[in-house]
Amino acid sequence: MRCVLVGGGPIGLIAAASLRADGHTVRLFDPQTEKPTMSLALAESTLRLLERLGIDRLPGETLTSVHVSEKGVPGSMLLDAPELGYTRFGQIVPSEALEAQLSEQVSDVIEASAVESIVPRSRSLPPCVTLATGEVIETDLVILADGGRSHLTEQLGFIPQTRPFARTALLGRIRLSQPVPGRAYERFVGTGPLALLPLGDCLYGFVWSLDPARAMQLVDDLDALRALLERTVDPILGAVSIAKDPVAIELVERWIDQPYRPGVLLLGNGAQTIHPVAGQGLNLALRGLGQVLDALPHDDPDTAIAQAMARWRTDRDRTRFASSVLESIFDRPNPLRRFATATAMSVLDQSRSVKRQIAEAGMGLLS
Ligand SMILES: Cc1cc2nc3c(=O)[nH]c(=O)nc-3n(C[C@H](O)[C@H](O)[C@H](O)COP(=O)(O)OP(=O)(O)OC[C@H]3O[C@@H](n4cnc5c(N)ncnc54)[C@H](O)[C@@H]3O)c2cc1C
């Protein structure tokens, strides 16, 4: 089958490599725009998919435990992979390294052009894309993985549903003087979560959900950011220094309920962006891609995609819901709420089966 991928972010690149590995003919278009670098928590299901593509030596750190706590109140929960019967929960990977390895693998099919328009399949004509250069390409399947960064979604008539969180994420990298190897931290601070993701060698990616005005102040004042991070992280982690200047990203939940048209499939951030609190955006999208890849050989593309998306929808809605509930529960500085959630965490910490379920959801094993 002839496939055109629009967008060379992680989703477009992984989709291109996977389709090619399955014997399809692939062309990928991306004008190579600047993007912020991230620290991605790759779930077990994502790592397995990447291993099948021959990507098994990514830098970063194996994730073996996750500590969840609320600043200023006692009570916390530790998810420990060996205790729950796993060797690891996943791996934290710098997004730039993941994209570099994937780009190298499919470099022969990447073309540095933007796609200007897409026409879905009609009764008599196959789907086609028009490049910014004017070239028109007929194909069998278009995968739109533009990150929601272009006009193409609206042009195709998709109407996204949106819900602003009134929060901005600060993303950056820090060094900690006393790291705990393999351990990620989810620390709730009243205005939203601060996630620390270990990248190895004392380096951590951080994602901090903050009031937008406060986030912008901190982007411009790195001394204040460093001092505030040091007061906020678990004190056992020692001193904090800034390793990579932060960027601010407005947090919005946005999704398209049925992300396909005849011959066209939306994947990745263009189809849904969810709150990053549980680090699930990429993992979720790839579970959808996995369903499509499994179905394509057995069916015509339109039926395969409709059936695959119907199967994946429960996973999407559950992951979206869980991510926003986590944000809304913890995003209140109210002392009663803080006491209640800290107590709940201490209670849940005693239950191996609950912790196993939480961990398996994070690893992409429950869907
Ligand atoms: C703060 C934060 C932290 C996150 N942490 C995690 C995590 O730990 N784990 C996880 O699983 N997920 C995480 N996510 C989600 C994850 O980052 C996204 O799911 C992922 O980056 C989406 O990639 P994408 O390929 O869909 O889009 P993008 O990376 O945005 O790529 C889109 C590409 O499309 C190209 N493009 C745009 N318009 C056109 C056009 N007209 N023609 C051709 N190309 C075009 C752009 O140049 C770009 O390269 C996080 C997200 C945020 C915001």
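## Two domains in one chain

Which residues does the domain assignment of the chain give to domain 1 and which to domain 2? Domain 1 takes in 2-35 + 95-161 + 254-326, and domain 2 takes in 61-93 + 165-252 + 331-362; these bounds come from an automatic or database domain assignment.

A word on the basis of what follows. This is a predicted model, in which local features need pLDDT of at least 70 and side-chain atom pairs count only at pLDDT 80 or more, while totals for chains, interfaces and linings use all residues. Residues are numbered from 1 along each chain as its sequence is written, and side-chain values use heavy atoms, with hydrogens and water left out.

## Overall build

The chain holds 10 helices and 20 strands, taken as DSSP runs (helices H or I, at least four residues; strands E, at least two) and numbered from the N terminus. Its radius of gyration is 21 Å, close to the 21 Å that the globule rule gives for 367 residues, so the chain is as compact as a globular protein of that length. Here the radius is taken over C-alpha atoms, and the globule rule is 2.2 Å times the number of residues to the power 0.38. Along its principal axes, the C-alpha trace spans about 65 × 45 × 35 Å.

## Where the domains meet

The C-alpha centres of domain 1 and domain 2 are 30 Å apart. At the interface, 11 residues of domain 1 are in contact with 12 residues of domain 2, contact meaning heavy atoms within 4.5 Å. Between them the two domains bury about 920 Å², 56% of it on carbon and sulfur atoms; this is the accessible area (1.4 Å probe) that two parts lose on being put together, summed over both. His 275, Pro 276 and Val 277 supply 45% of the area that domain 1 buries against domain 2, more than any other three residues.

## Salt bridges

Let us turn to the charged pairs. The rule (a side-chain nitrogen of Lys or Arg within 4 Å of a carboxyl oxygen of Asp or Glu) gives a count of 22 salt bridges. Across the interface of domain 1 and domain 2 it finds one.

Arg 173 pairs with Glu 96 in a salt bridge, their closest N and O atoms 2.8 Å apart. Another salt bridge joins the side chains of Glu 230 and Arg 226 (2.8 Å, N to O). Both of these residues lie in helix α6 (residues 222-232), four residues apart, about one turn of the helix.
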